[in-house]
Amino acid sequence: MKHWTKEERKELLDLYKDLRVADVRDGMDWNMMHHYGTVSADIRPLFRTKAVGIAKTSRYVPYEESVPNMPPEEYTEWVAWYYKNISYNPGNKNIEDGDFVVIDQSGVDVGIQGSNNSLAMYSKGARGFVTNGGVRDTDELILNQVPFWSKSISQKMNQGRIRFEANDVPVNIGGVVVYPGDIVVADGDGVIVVPSKLAFDVAKYAHQEMEADKEGRRAIYKDLRWELDDSVR
């Protein structure tokens, strides 16, 4: 687990902010990490967007108990108890600007994150979210342009299904172990994770490949008499 200083966080976020997932993948290859870092392709964005941040991890596991049989009025009280005692994540109040929220929910079909809590964390500086489970309230998340990558879309709430286990621990997201402090880059091509120990080296060669790609595409733009856009400048 890597604890970056405030200055290091800013430097890293600036280094990676213009890089595409493809560029970062190239940078990983240049550091002999050919078979590591790329999150499974079944974890996809809710909408075409991009996010770069520093991993803030949480782990949830399936709820082992049965749900008591009760009338709806009692169920309302039980749900409040559940969220306070079973699925409450204290780390959600400690978002730092630049965090990429990484949630291992053991593949459970539940929308731990929805429009309310995701927007609250986004307003505090979370740059993006990724989970190996579900997300709900997706129409609002898309409307609010909250960057989110997930394995599925889920209608389900937490109660009776999943419980909070730990914060700031290694988690498995799409076949990649994500440690707190790793760099997460996500766009329409999916998600890639850069181990903190390689963050600066990967960025160096990712920029090398990005600039080479831009140079090649700029030449094609000129042949086509197209106006240059931000993707080739």
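Is Asn 89 buried or exposed, and what is its relative accessible area? Asn 89 is buried, with a relative accessible area of 5%; here buried means under 20% relative accessible area, exposed over 50%, and partly exposed in between, with a 1.4 Å probe and protein chains only. The residue lies in the loop between α3 (72-85) and β3. Leaving aside neighbours within four places in sequence, Asn 89 is in contact with Ser 58, Tyr 60, Phe 164 and Asn 167, contact meaning heavy atoms within 4.5 Å.

The structure is a predicted model, in which local features need pLDDT of at least 70 and side-chain atom pairs count only at pLDDT 80 or more, while totals for chains, interfaces and linings use all residues. Residues are numbered from 1 along each chain as its sequence is written, and side-chain values use heavy atoms, with hydrogens and water left out.

Helices (H or I, at least four residues) and strands (E, at least two) are DSSP runs numbered from the N terminus. In helix α1 (residues 6-16), the buried residues are Arg 9, Leu 12, Leu 13 and Tyr 16. Seen down the axis of α1, these buried residues fall within an arc of 100 degrees, so they line one face of the helix; the arc is that of the directions from the helix axis to the C-beta atoms. The face turned away from the buried side carries the exposed residues Glu 7 and Lys 10. The buried residues of α1 pack against α2 (21-30), β2 (51-62), β3 (99-104), β9 (183-187), β10 (190-194) and α6 (199-224).

A nonpolar core is a set of buried Ala, Val, Leu, Ile, Met, Phe, Trp, Tyr and Cys residues joined through side-chain atoms within 4.5 Å. In the largest such core, which has 20 residues, Tyr 16, Val 24, Ile 183, Val 185, Val 194 and Val 202 touch the most other members. At least two residues of this core come from each of α1, α2, β2, β9, β10 and α6, and α6 supplies the largest share, 5 residues. Beyond its neighbours within four places in sequence, Val 24 is in contact with Tyr 16, Leu 19, Val 185, Ile 192, Val 194, Val 202 and Ala 206.

**Salt bridges**

Side chains of opposite charge can pair when their charged atoms come close. A salt bridge is a side-chain nitrogen of Lys or Arg within 4 Å of a carboxyl oxygen of Asp or Glu, and by this rule the count comes to 14. The table presents some of them.

| Pair | N to O distance |
|---|---|
| Arg 20 and Asp 213 | 3.2 Å |
| Lys 156 and Asp 109 | 3.2 Å |
| Asp 230 and Arg 233 | 2.8 Å |

Arg 20 lies in the loop between α1 and α2 and Asp 213 in helix α6, so the pair ties together parts that are 193 residues apart in sequence. Arg 20 is partly exposed at 30% relative accessibility, as is Asp 213 at 27%. Lys 156 lies in the loop between β5 (148-153) and β6 (162-167) and Asp 109 in the loop between β3 and α4 (115-123), so this pair ties together parts that are 47 residues apart in sequence. Lys 156 is partly exposed at 34% relative accessibility, and Asp 109 is partly exposed at 36%. Both Asp 230 and Arg 233 are exposed. Salt bridges that share partners join Arg 20, Asp 23, Asp 213 and Arg 217 into one network.
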